[in-house]
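Thanks, everyone, for making the time this morning.

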Amino acid sequence: MIVLVLAPVVFFILATTTGLLNHFSVLSHSHVIIDALLLAFVVAAVGTAVYAYRRISDINREVERRRQAQAQAHSFARHDPLTGLPNRGFYTERLQSVLYRLPPGRFAAVIVFEILGLRLVNDARGQYGGDIALIEIAEGLTHVVSSDMLFARMGGDNFAIVIPDMESIDEAARLARIVAGAIGRASFAGDTAGSLAACVGVAIAPDEGLDADTLTRRAELAMERAMRTGRSSICFYAKEMDAHIERRGEIERALRAEISGTSIVPHYQPLVALDGDRIIGFEALARWNSPTVGPVPPDVFISVAEECGLIQDLGDRLLRQACRDAADWPDDMILAFNLSPRQLKDPALALRILSVLRDTGLPPRRLKIEITESAFVGDITLARKIIEELRGVGVHIALDDFGTGYATLSQLISLHFDKIKIDRSFIRRLGQDTDSEVIVKAVIGLARGLGLVTLAEGVESASQHGSLRDAGCMQGQGYLFGKAVPASEAAAMITATKEHAAA
Ligand code: G
Ligand code: G
Ligand code: MN
């Protein structure tokens with residue numbers, strides 16, 4: 001810069017000086033020298049100016065490049081790369097400023113929704129198909145969301161819409177219905193409409209919260225309720241949902257405190273061979289009577305254990321206890337034990353089960369692992385490997401609650417199950433509707449063809465028992481034969497049946 005300013009100044013001074021010298025025309029010799037000097041200065045000045053100009057534009061370009069990169073990084077950090085929608089962080093920031101500015105007497109709404117059915121799209125078309133579906137859904141919904149609203153992807157298959165300023169709550173209900181309807185009708189990539197659905201939760205400001213996190217959490221609680229209600233349902237937040245969460249929190253704390261104690265124990269429900277109604281073994285069903293929070297049903301504490309990462313520990317302890325109990329039963333009695341889908345995501349699971357078997361001395365052939373159908377959605381590579389490892393040492397695998405999930409026939413065959421447990425919902429309707437009878441008979445026939453053992457769950461009446469036996473079902477379980485009882489009673493049941501058989 002300095003050179004750039006100085007060069008013309010020096011040039012001007014020199015030009016004036018040489019002009020004066022010229023005027024007096026003293027020495028022609030010095031005239032030549034000064035001309036040469038002048039030329040050198042002009043060249044130097046022009047060179048410096050060009051260099052300086054280049055430097056400055058380089059710097060400017062670099063600054064602009066960095067500014068753009070920064071802006072892009074900023075935008076990436078605030079947007080979901082797949083759909084281009086604002087992400088959860090950006091959503092929270094904008095929602096907070098919406099809530100700050102909410103005029104008195106007006107309402108804002110948070111509408112969150114989860115898209116159901118994407119898993120099946122992923123299964124059928126691969127991850128890429130699922131991504132395309134998400135992009136198309138996001139794109140389609142931008143047409144029902146107006147420009148003053150905020151539409152964000154919260155992660156996975158969860159989205160949120162914020163209505164910043166409404167006169168009445170009805171506006172939120174209307175938009176929620178439009179969203180659920182649009183997703184229910186969505187068809188993409190040639191698929192027929194109706195394979196997807198959305199469950200929607202709504203929370204309203206200012207009544208249900210004036211900070212972004214509270215309002216979002218409450219909308220998500222409402223959404224969880226909607227998911228339990230059924231496909232395409234819409235739920236508004238209600239106070240008792242927080243109470244439900246509080247109860248879950250209490251259960252989690254109690255579970256952490258009591259997991260190593262004696263209040264969680266397996267009980268045992270008899271499994272019966274339908275040909276002569278002999279007890280052939282028992283299914284271990286976990287029971288928890290907590291000294292602090294009272295009795296908690298297994299589906300509740302199992303899912304709490306899954307959510308807070310205690311399921312491996314709980315599963316190991318229950319299995320260890322059950323194997324110890326079963327080791328005392330006669331050698332022909334089997335032990336059925338449930339694994340939750342989450343446990344099948346642990347690559348060390350087979351090893352852990354084997355070490356429990358070794359420690360307790362229960363022969364692997366007496367253990368029957370039950371896995372429910374819902375474990376076989378999504379990526380089942382690991383589940384398949386675990387099943388193969390267990391079968392390799394002689395542990396049998398039963399498919400639990402068959403008929404309630406998405407297991408396909410080809411999966412059943414490829415996963416090499418040993419037994420199918422027909423879900424009790426079919427057994428309950430036996431004798432009431434012909435469909436169930438047809439389904440149950442078909443499943444039994446199919447299983448027999450594949451060389452699998454069949455067991456009917458939830459047998460409660462003699463007539464169900466009769467029709468199952470006639471249909472060729474091999475085993476049964478249910479209140480007709482007995483509920484789950486403590487270990488000592490199970491042992492007493494075995495002794496009683498042995499004595500009965502001997503007599
Ligand atoms: O026992 P019911 O009695 O209410 O059992 C409810 C559910 O809890 C069933 O689906 C059963 O498979 C599951 N369950 C019971 N005990 C266990 C257990 O020890 N481990 C796992 N993973 N699930 C269990
Ligand atoms: O692991 P699974 O999901 O199959 O768990 C068995 C469940 O079925 C347990 O909750 C158990 O208490 C329940 N159950 C067992 N027998 C009967 C029955 O005869 N009728 C009904 N309604 N439930 C039963
Ligand atoms: Mn079971």
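This is a predicted model: local features need pLDDT of at least 70, side-chain atom pairs count only at pLDDT 80 or more; totals for chains, interfaces and linings use all residues.

Let me start with glutamate 283 and glutamate 370, both of which are buried, where buried means under 20% relative accessible area, exposed means over 50%, and partly exposed is what lies in between, with a 1.4 Å probe and protein chains only. Residues are numbered from 1 along each chain as its sequence is written, chains are lettered from A and ligands numbered from 1 in the order in which they are written, and side-chain values use heavy atoms, with hydrogens and water left out.

What are the protein donors of the manganese ion, ligand 3? They are Glu283 through OE, Asn338 through OD1, Glu370 through OE and Asp400 through OD, at 2.1 to 2.4 Å from the ion. Donors here are N, O and S atoms within 2.8 Å of the metal, or 3.2 Å for Na, K and Ca, and since water is not among the atoms, sites may look incomplete. Along the chain, the donors of this manganese ion follow the spacing E-x54-N-x31-E-x29-D. The two glutamates link distant parts of the chain, glutamate 283 sitting in strand S7 (residues 278-290) and glutamate 370 in strand S10 (residues 367-372), 87 residues apart. For the labels, helices (H or I, at least four residues) and strands (E, at least two) are DSSP runs, numbered from the N terminus.

Asparagine 338 brings us to ligand 1, because a polar side-chain atom of this residue lies 3.3 Å from an oxygen atom of that ligand, a polar contact being a pair of N or O atoms within 3.5 Å; within protein, one must be able to donate a hydrogen and the other to accept it, and residues adjacent in sequence count only if both atoms are side-chain atoms. A side-chain N or O atom of arginine 287 is 2.9 Å from an oxygen atom of ligand 1, and a backbone N or O atom of serine 340 lies 3.3 Å from a nitrogen atom of the ligand. Taken alone, ligand 1 exposes 490 Å², of which the protein buries 74%, with areas from the Shrake-Rupley method and a 1.4 Å probe.

Which element gives the most to the shell around ligand 1? Strand S7 does, with three residues, and S7, helix H8 (298-307) and strand S9 (334-339) each supply at least two.

Turning to the cysteines, the structure holds zero disulfides, a disulfide being a pair of cysteine sulfur atoms within 2.5 Å. For cysteine 235, the nearest cysteine sulfur, that of cysteine 199, is 8.5 Å away. Cysteine 235 counts as buried at 13% relative accessibility, and cysteine 308 is buried too, at 18%.

Finally, the backbone. A cis peptide bond, with omega about 5°, joins alanine 205 and proline 206, and proline 206 is found in the loop between strand S4 (197-205) and helix H6 (212-229). Aspartate 277, although not a glycine, has a positive phi of about 55°; its place is in the loop between strand S6 (264-273) and S7, and at 35% relative accessibility it counts as partly exposed. Aspartate 401, also not a glycine, has a positive phi of about 50°, but its place is in strand S11 (residues 396-402).
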